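Dear colleague,

A short account of the findings follows it.

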Amino acid sequence: MDWITTVDHKKIAILYLWAGGLFFGIGGLEAILIRIQLIKPMNTFLDAQTFNELITMHGTTMIFLGVMPVIFALMNAVIPLQIGARDVAFPFLNSLGFWTFLFGGLLLNLSWVMGGAPDAGWTAYTPLSGKGYSASHGVDFYTIGLQIAGLGTLIGGINFLATIITMRAPGMSFMRMPMFAWATFITSAIILFAFPAVTVGLVLLTFDRILDANFFDVAGGGNPVLWQHIFWIFGHPEVYILILPAFGIISEVIPTFSRKRLFGYSSMVFATILIAFLGFMVWAHHMFTTGLGPVANALFSVSTMLIAVPTGIKIFNWLFTMWGGQVRFTTPNLFAAGFIPTFTMGGVTGVMLASAPADFQFHDTYFVVAHFHYVIVGGLVLGLFAGLHYWWPKMFGRMLSESLGKWTFWTFIIGFHLTFFVQHFLGLMGMQRRVFTYLPNQQFDTLNLVSTVGAFLMGVGMIIFLVNVFLTSRRPADAPDDPWEDGRTLEWTIPSPPPEYNFKQTPLVRGLDAFWKEKMAGHKGMTPAEPVGPIHMPSATILPFLMSVGIFIAGLGFMFSRDEFSSSIMSFLFNNYIVTALGLLITFGSMLMRSLFDDHGWHIEPEELEGR
Amino acid sequence: MTTAHAEAADGTLPHEPEKATLEGRNKVLAFWLFLGGEAVLFGTLFATFLALRNQTNEGPSAAELFHLPLVAAATLLLLVSSLTSVFAIQAMHRGNVAQLRNWLLVTVLLGLAFLILEIYEFSVYVRHEEFGMTTSAFSSAFYTLVGFHGAHVAFGILWIAVLIGQLLHKGLTVVTAPKIYVSAMYWHFIDVVWVFIFTVVYLLGKVG
């Protein structure tokens with residue numbers, strides 16, 4: 001009950017971590033099934049329909065329900081601490097964001113047991129995702145589930161933007177903000193301007209499927225390419241929503257374990273902003289083969305290649321940070337160091353794909369699959385592993401085992417390169433993506449076998465990580481405030497795990513890497529910016545949970561509103577939108593409750609603070 | 001957060017009560033950000049409409065369908081409602097709760113009148129022109145864009161109505177003031193969106 005009603009950003013972070021981890025596991029199992037099917041030519045392990053459902057759900061789950069919540073977990077756990085705040089700007093909305101994400105994800109995954117998962121690919125290209133080709137409710141689960149989950153992401157984005165703008169500790173100017181906070185800030189801005197586009201796209205697709213609208217139906221005057229534009233004007237920035245937080249994590253981990261300040265801090269900030277800006281300019285590079293014409297292709301080609309410049313700045317700054325530093329290869333730093341070459345390889349194939357004529361060759365082959373897995377797994381997932389190992393003691397008060405962590409790293413990264421490196425060559429040899437099997441003796445056999453073996457090795461790495469988490473959870477919570485001993489930022493100045501009010505007194509920030517600066521000046525901790533006083537805390541509330549339940553019910557109701565049911569009661573309830581109305585009633589009722597009854601919160605008194 | 005609910009020491013409200021607390025300032029800031037997202041949302045809907053506005057699929061076209069005097073009347077109602085919400089905020093800044101309440105009430109009524117005109121317009125199209133959601137890509141885009149705006153108006157009416165209730169119940173405080181201020185921002189936003197709809201959908205439909 002405590003977990004359902006909590007509005008504490010640190011607990012919400014843990015909720016995001018467990019829920020994201022659960023979906024990540026589901027997505028991983030789907031990946032393993034895909035790789036088993038492709039282990040040999042003409043395999044009959046899965047049929048074509050199941051394979052389509054698996055690749056669709058693998059992509060969708062991993063992007064929206066796996067890695068994004070884990071990113072949000074780290075942001076929630078760390079950002080208020082790094083900027084010296086007691087909480088996020090809107091604790092209530094923070095909780096609402098989590099619950100809408102969770103119920104959206106549950107709705108999407110209900111499709112497995114309620115008559116077929118979505119099967120049109122994670123991009124849901126029309127007309128494949130239209131009723132003509134995808135008659136089951138699968139794509140409805142996709143559109144409505146993602147809609148609800150996306151709401152949570154948007155809320156989270158706005159919350160972080162407001163938090164970072166208004167709640168930084170005294171003295172922390174923007175140019176003294178840690179890089180992870182910068183990455184979160186820019187990521188949230190991208191979320192704010194990218195997610196409403198996919199909201200509209202999903203609404204249009206829902207209307208096409210449930211209300212028989214004609215947006216993407218050529219027979220009714222619609223245009224399928226419109227879907228691709230709307231999807232990618234969201235979908236390309238989404239890539240940067242995923243990777244910029246990883247950049248932020250790497251920029252925290254490397255300086256800490258090099259005992260040096262980040263090389264080129266201000267160029268890192270501006271590179272981040274530039275990447276975000278360019279990220280919005282390049283969506284049509286996903287559409288070179290749809291026939292946009294040579295002028296459009298050339299423009300999008302050049303603007304895409306431009307992104308390599310700020311990204312290159314980042315890569316070199318990380319290398320220069322390590323250069324001459326007292327580098328310690330702890331588990332987080334191993335992951336960070338492994339990230340750099342791996343992500344660079346993904347970036348290089350990105351430039352190759354950005355060349356429109358070359359893309360005509362690479363398009364829809366395993367070369368593309370290899371490229372984006374290098375970026376998203378080799379970049380983001382390695383970054384997340386670095387961040388999780390780095391901040392685990394702060395989140396839970398327990399150090400993860402270093403030796404198991406190193407086992408995780410080596411099995412995972414070797415498995416990763418085995419899986420995806422060979423896929424570049426499979427793609428160049430002409431193996432198509434999204435096809436459930438292939439013929440023998442096309443020279444695909446051995447490389448596919450290698451790829452599948454690699455996938456299992458990655459699975460082993462994940463299991464070692466889970467074992468590490470399990471064993472760690474049974475040990476006493478005795479991590480020191482600054483467990484890595486070279487912590488540079490504010491989160492390392494307070495106990496692990498932090499008390500619910502974070503900072504007894506808001507710290508005064510006197511420079512970049514605030515804590516490091518004080519250490520170098522010979523101080524033990526931060527100078528407080530205020531006297532000890534009562535701390536105002538928001539009350540726990542169940543309303544966000546209820547609102548999300550309401551939206552979930554309404555979504556289900558809307559989805560089945562045109563169905564024929566064998567029982568007349570069911571037909572009556574669904575076909576007259578009674579279920580939908582009930583769900584909306586719960587949601588709006590909860591909103592009304594929130595509006596009518598003010599939450600005055602409560603105070604922690606100074607005596608209580610001293611008592612601890 | 002420590003001063004989140006603190007009132008001014010002598011019990012009177014500050015000049016701009018919506019910005020008196022950190023919570024209030026956060027609310028106003030976050031709402032500007034939210035409106036940025038809403039702008040993208042409507043931008044995407046407008047782009048969709050512009051891409052499909054001539055795809056009539058042998059159904060009625062914009063030029064045959066639209067009746068400008070009706071739309072002009074609706075526009076006038078909505079523009080005036082934006083003005084009355086400005087009056088409401090000015091009354092709030094003067095600390096005049098009765099005037100604030102009355103101007104909010106006028107705003108809600110004007111919004112309601114606009115909504116009734118829109119429902120009437122849609123019902124005419126559906127009944128007499130056989131122009132429904134499924135008729136053509138143009139019709140789908142029209143109902144989605146204009147309907148989304150209408151849903152925003154309906155939500156705004158409900159929201160401001162609840163706020164009026166809250167104002168009567170709790171009075172004007174540093175807690176209620178940011179909510180009223182933010183709802184006025186929302187109302188201006190949907191007004192601006194309507195100006196674009198009037199231009200891009202109706203005027204362009206008649207002459208473009």
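Which residues form one aromatic cluster with Phe49(B)? The cluster consists of Phe49(B), Phe66(B), Phe114(B), Phe122(B), Tyr125(B), Phe131(B), Phe138(B), Phe142(B), Tyr143(B), Trp194(B) and Tyr202(B).

This is a predicted model, in which local features need pLDDT of at least 70 and side-chain atom pairs pLDDT 80 or more, while totals for chains, interfaces and linings use all residues. Residues are numbered from 1 along each chain as its sequence is written, chains are lettered from A and ligands numbered from 1 in the order written, and side-chain values use heavy atoms, without hydrogens and water.

Over all chains, the search finds 83 aromatic pairs (ring centres of Phe, Tyr or the six-membered ring of Trp within 6.5 Å; planes under 30 degrees apart are stacked, over 60 edge-to-face, the rest tilted). Phe142(B) and Tyr202(B) form an edge-to-face pair, with 6.2 Å between centres and 85° between planes. Phe142(B) belongs to helix H5 (residues 137–170) of chain B and Tyr202(B) to helix H6 (residues 176–207), so this pair ties together parts 60 residues apart in sequence (helices are DSSP runs of H or I, at least four residues, numbered from the N terminus). Both residues are buried (under 20% relative accessible area; exposed is over 50%, partly exposed in between; 1.4 Å probe, protein chains only).

For Phe155(B) and Trp159(B), the centres are 6.1 Å apart and the planes at 45°, so the pair is tilted. Phe155(B), at 30% relative accessibility, counts as partly exposed.

In chain A, buried residues account for 61% of the 612 residues.

Kind regards

Technical notes. Helix = DSSP H or I, 4+ residues; strand = E, 2+ residues; numbered from the N terminus.
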